[in-house]
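Here is a report on one protein chain. Keep the sequence and the 3D view at hand while reading.

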Amino acid sequence: MKNLFANIKGDAFGGITAGIVALPLALAFGVSSGLGPEAGLYGAIFISFFAALFGGTATQISGPTAPMTAVSMVIIAGIVATNDGSVEKALPAILTVFVLAGLMQIGFGLIGLGKYIRYIPYPVVSGFMTAIGVIILLTQILPSIGYYPKEDEAYVEKFKPQAEELILENILKEEAGEGILVLENFEETINRAHLITSDQILNESQTLAAKDASGTIGALKVLPRALKQINWLELLLALGTIIIIYGFKRITKVIPSTLVALVVMSGIAYGFNLGYRPIAEIPGGIPTPKLEMFTNFSLTSITPYIFTALALSLLGAIDSLLTSVVADNMTKTKHNPNKELIGQGIGNSIAAVFGGIPGAGATIRTVVNINAGGKTKLSGMIAGVMLLIIMIALGPVASKIPAAVLAGILITVGIGVMDYKGLKAIPSLPKDINLGPLKLSSEVLIMLIVLVLSTFWDLIYAVGIGLVIASLMFMKKIGDLTGERSDVTALKEEAWPDEGNFPQNLKEEVFIKHLKGPLFFGSTSDFQQLTLQIPDTASTVILRLGRMQYMDQSGLYAMEDMLLELKARQVEVLFVDLLKQPRYMMERIDIIPDFVPEEHIFKSFKNCLTWIKQNIKDIH
């Protein structure tokens with residue numbers, strides 16, 4: 001506890017500064033997610049406080065981030081679509097997914113998964129981060145020009161036939177649930193259909209229109225229509241926000257330019273009564289838990305969302321631990337990755353219970369905290385408390401913020417989150433893949449696949465596909481490299497220094513094979529050709545295994561097949577310098593001693609040579 005208050009002045013200033021920086025982003029991420037600005041604020045408050053309290057990175061500031069919000073936005077849209085377009089009806093399921101994701105992060109920390117996150121290939125992360133930027137940019141174009149599909153009467157009109165069809169389908173489902181046979185009691189269906197109001201059809205049509213225009217593909221689909229109906233006031237507010245954010249940074253970085261843009265543009269719009277569109281109303285008072293998610297809880301109700309929650313939790317883990325590395329570099333400290341995952345999981349779980357969107361370690365806010373003097377986890381806790389105070393005291397004022405201003409803030413976030421380092425490296429990376437006339441780097445190919453699939457299809461599946469492709473390419477490269485270095489494919493073996501005094505008269509009877517790398521699934525196809533390299537004159541094969549550090553199950557069975565074939569040819573096999581792990585594997589399936597008895601396993605080539613001289617005769 002003493003350490004917690006050892007730097008109270010620096011932590012207080014760092015936490016307050018980070019909280020102020022987080023305010024506009026929390027509001028913007030909440031609006032972007034589809035759950036409203038308060039969801040972003042609740043997420044920032046609870047994740048910042050509890051991730052700092054229980055986490056393993058002293059200076060980390062956590063809260064909603066661009067990647068987590070982008071994935072949450074997709075999840076929310078999908079669940080809302082299956083609940084008649086009603087956010088209120090979908091909210092329990094949405095928050096259940098967020099709680100599950102937090103609990104999974106706690107589980108990752110408890111089983112020690114944190115140390116493995118660093119093995120995510122860079123091209124996958126690069127493609128994903130650039131896709132996040134593209135998604136944010138494309139989805140914020142419409143609000144930045146003041147176009148909302150639900151309010152475009154001509155656009156909504158196109159969906160009325162489909163809306164009527166859906167309403168009738170719901171009536172038939174209700175009747176089926178009540179045990180009414182439609183064909184026998186068609187009048188009941190007609191009577192219920194007559195009760196359908198024009199407002200119901202309009203509401204359903206607006207929901208369908210909003211759904212059709214959602215996501216990147218939807219935004220591009222309606223963009224030509226939107227450009228004909230630009231609200232110039234909204235566009236000017238968004239452009240003014242962007243100009244201030246980039247321009248104020250050139251003057252000073254002491255005051256966050258995002259906050260300056262938010263205050264200035266909101267002040268202008270409200271002060272001059274410009275007739276702008278405000279964000280949704282932010283409720284005042286202390287946040288209350290959304291206990292309705294637990295009332296109808298069952299394993300069957302959450303089963304469809306387990307994979308979604310898993311993907312969200314993994315993304316949060318990656319996002320947080322990358323920021324932890326940045327914090328370590330700045331403070332010359334070392335974070336505890338597993339403890340950090342537990343802290344993030346607790347923060348995300350509690351935030352979800354109160355209706356907040358999930359988050360992770362936020363790089364910019366963490367850097368601001370450190371530069372402002374934050375050194376302990378108290379700074380992150382103060383940042384959360386600061387946001388709570390702002391929400392309680394200024395909730396009604398924040399509700400007057402123009403929606404276009406938050407769209408402008410998000411556009412700068414989208415531009416900033418892209419991986420320009422990875423994009424700039426594209427021309428200089430080695431081109432090791434031939435696609436007809438096109439030559440491409442395998443890293444670039446992975447990045448582009450993840451980028452395109454994330455942007456226009458599904459973020460979660462895109463990362464999974466990217467990981468699979470990256471793993472396959474890695475295995476291919478390692479297999480090729482292992483094959484080259486282990487000389488598995490070489491027909492002529494080069495003698496090692498200690499083989500110089502091998503008896504000349506026994507060289508036809510004894511074939512020596514050197515393995516210089518792991519025997520795993522990437523190299524087994526070449527290893528299986530080993531028996532073809534052994535001369536017909538050889539009655540004994542020496543396998544020198546001192547550099548074969550590892551053998552997997554594929555390699556184990558490849559070895560077994562080779563030994564079976566040599567046994568059928570009555571060729572004896574001797575092992576030299578067999579290491580611990582491969583020996584353990586071969587003992588499990590009785591290669592040792594069934595095919596290679598203990599007396600044929602030697603600790604050194606010298607011992608093996610002594611045995612050769614005593615037991616092998618020159619018969620040629």
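## Terms and confidence

A residue is called buried when its relative accessible area is under 20%, and exposed when that area is over 50%. The model is predicted. Its protein chain has an average pLDDT of 85. At least 70 is the score of 93% of the residues.

One stretch calls for caution. Over residues 486–492, pLDDT stays under 50. For that stretch the model has 19 contacts beyond four places in sequence.

## Aromatic pairs

How many aromatic pairs does the structure hold? The count is 7. In one of them, the ring centres of Phe46 and Phe354 are 4.4 Å apart. Their planes meet at 20 degrees, so this pair is stacked; the cut-off for stacking is under 30 degrees. Phe46 belongs to helix α2 (residues 37–54). Phe354 sits in the loop between α16 (337–353) and β2 (360–361). The pair therefore ties together parts 308 residues apart in sequence. Phe46 and Phe354 are buried.

Phe602 and Trp611 show another geometry. Their ring centres are 6.2 Å apart and their planes stand at 55 degrees, so the pair is tilted. Phe602 is buried, and Trp611 is buried too. Elsewhere, ring pairs join Phe49, Phe50 and Phe54 into a cluster.

## A charge over a ring

The charged end of Arg277 sits over the Tyr148 ring, 3.7 Å from the ring centre.

## Gln140 in helix α5

Is Gln140 buried or exposed? Its relative accessibility is 7%, so Gln140 counts as buried. This residue is placed in helix α5 (residues 122–144). Neighbours within four places in sequence are set aside here. Beyond them, Gln140 contacts Ser32, Ala407, Leu410 and Ile411.

## Helix α10

Helix α10 covers residues 215–227, 13 residues in total. From first C-alpha to last, α10 reaches 17 Å. That is close to the 18 Å expected at 1.5 Å a residue. Where does α10 kink? The kink lies at Lys221, shortly before the proline Pro224, and is about 35 degrees.

The buried residues of α10 are Thr216, Gly218, Ala219, Val222, Leu223 and Ala226. An α-helix has 3.6 residues a turn, so residues three or four places apart point the same way. The cover over the buried residues of α10 includes α5, α6 (153–157), α9 (198–212) and α21 (442–456). Helix α5 is also the place of Gln140.

## Backbone exceptions

Most residues other than glycine have a negative phi, and most peptide bonds are trans. Some places in this model depart from that pattern. The peptide bond from Ile592 to Pro593 is cis, with omega near 15 degrees. Pro593 is part of helix α27 (residues 591–594).

Asn273 is not a glycine, yet has a positive phi of about 50 degrees. Asn273 lies in the loop between α12 (257–271) and α13 (292–295). At 66% relative accessibility, Asn273 counts as exposed. Gln570 also has a positive phi, of about 60 degrees, although it is not a glycine. Gln570 lies in the loop between α25 (553–568) and β7 (572–576). The relative accessible area of Gln570 is 70%, so this residue is exposed.

Notes. Residues numbered from 1 in each chain as written. Predicted model: local features only at pLDDT ≥ 70, side-chain atom pairs only at ≥ 80, totals over all residues. Heavy atoms only, no water. Phe/Tyr/Trp six-rings, centres within 6.5 Å; stacked < 30°, edge-to-face > 60°. Helix = DSSP H or I, 4+ residues; strand = E, 2+ residues; numbered from the N terminus. Buried < 20%, exposed > 50% of the residue type's maximum accessible area, 1.4 Å probe, protein only. Lys NZ or Arg CZ within 6 Å of the ring centre and 35° of its normal. Contact = heavy atoms within 4.5 Å. Expected span 1.5 Å × (residues − 1). Bend = angle between axes of the 7 residues up to and from the residue. pLDDT = per-residue confidence, 0-100.
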